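Please look over the model shown here before reading the questions that come after it. Each answer works from the coordinates towards a single value or name.

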Amino acid sequence: MPTTKTLREGSAPKRAAILTAARELFLSDGFDRSSVDAVAARAGVSKRTVYDYFGDKQTLLRAVVDVVGQSLIATIRGTLDETLTDRTGDADLEDALIAFSMRIATDMLGSAEYATLQRLVRAESGHLPQPGYNSMADTPDEALAERFAAFGAAGLLVVPDPRLAADQFIALTFGVALDRLGSANAAQDDRVRPLVVEGVRTFLRAYRPR
């Protein structure tokens, strides 16, 4: 059970070193075989410091998963800002949505961070707060919904329920690729792009103004 003691925020470099060391050990040796002593030694800190900052090994695992999730969220938000901007017009909306989807399918779904998150969640689910623990939660879907709402206000889309539109967009693009291919990683499978393109076009047929 997580400790109830008050944890120290501590110094950012030490915290980052502990998280990096824990991530490397959890991936290479697994949670059960990775001791706090080993994490401390690799991070170059004392065992007491690890406990002061994170309380126990389970809390440390969750912190590792959360940090990876936050990194992926930053990638998604950055991709949104670069591809689906307030300058996107009706003429290039399809291209912009395809560009966004393909960037996510390579820069995020094909990244080492995403692979790390998947491995940790699958392998160590019994040590996380609940099975399939999702450190990103609904944040990516809500970020996309915000962008769709903006497109609705600009008259580019008709989106009475932006969150539902975001969920359907994800299902039509990445969801179809996952169901058909078992992966939506466009960096490793060139069959992802045609599915994404058709998914975007299907979405626009449903949500573009008539």
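Predicted model: local features only at pLDDT ≥ 70, side-chain atom pairs only at ≥ 80, totals over all residues.

Residues are numbered from 1 along each chain as its sequence is written, and side-chain values use heavy atoms, with hydrogens and water left out.

Q: How many helices and how many strands does the protein have?
A: Helices (H or I, at least four residues) and strands (E, at least two) are taken as DSSP runs and numbered from the N terminus. Read in that direction, the elements run α-α-α-α-α-α-α-α-α. The secondary structure therefore comes to nine helices and zero strands.

Q: What distance should separate the end C-alpha atoms of helix 8, and what does the model show?
A: The expected span of a helix is 1.5 Å times one less than its number of residues. Helix 8 covers residues 162-181, so its 20 residues should span 28 Å, and this agrees with the separation of its end C-alpha atoms in the model, 28 Å.

Q: At which residue does helix 8 bend?
A: The bend at a residue is the angle between axes fitted to the seven residues ending there and the seven starting there. For helix 8 this angle is about 40°, and the residue is Gly-175.

Q: Which helices do the buried residues of helix 8 pack against?
A: The buried residues of helix 8 are Ala-165, Ala-166, Phe-169, Thr-173, Phe-174 and Ala-177. With contact taken as heavy atoms within 4.5 Å, these residues pack against helix 5 (93-108), helix 7 (139-153) and helix 9 (192-207).

Q: What is the geometry of the aromatic pair formed by Phe-148 and Phe-169?
A: Rings of Phe, Tyr and Trp (its six-membered ring) pair if their centres lie within 6.5 Å, and planes under 30 degrees apart count as stacked, over 60 as edge-to-face and the rest as tilted. By this rule there are five aromatic pairs. In one of them, Phe-148 and Phe-169 lie 5.6 Å apart, centre to centre, with 75° between the planes, and the pair is edge-to-face.

Q: Which residues do ring pairs link into a cluster with Phe-148?
A: Phe-148 in helix 7 and Phe-169 in helix 8 are 21 residues apart, and their pair links distant parts of the chain. Both Phe-148 and Phe-169 are buried. The residues that ring pairs link with Phe-148 into a cluster are Phe-169, Phe-203 and Tyr-207.

Q: Is Arg-48 buried or exposed?
A: Arg-48 has its place in helix 3 (residues 47-54). Because its relative accessibility is 59%, Arg-48 counts as exposed.

How values were computed:
Buried < 20%, exposed > 50% of the residue type's maximum accessible area, 1.4 Å probe, protein only.
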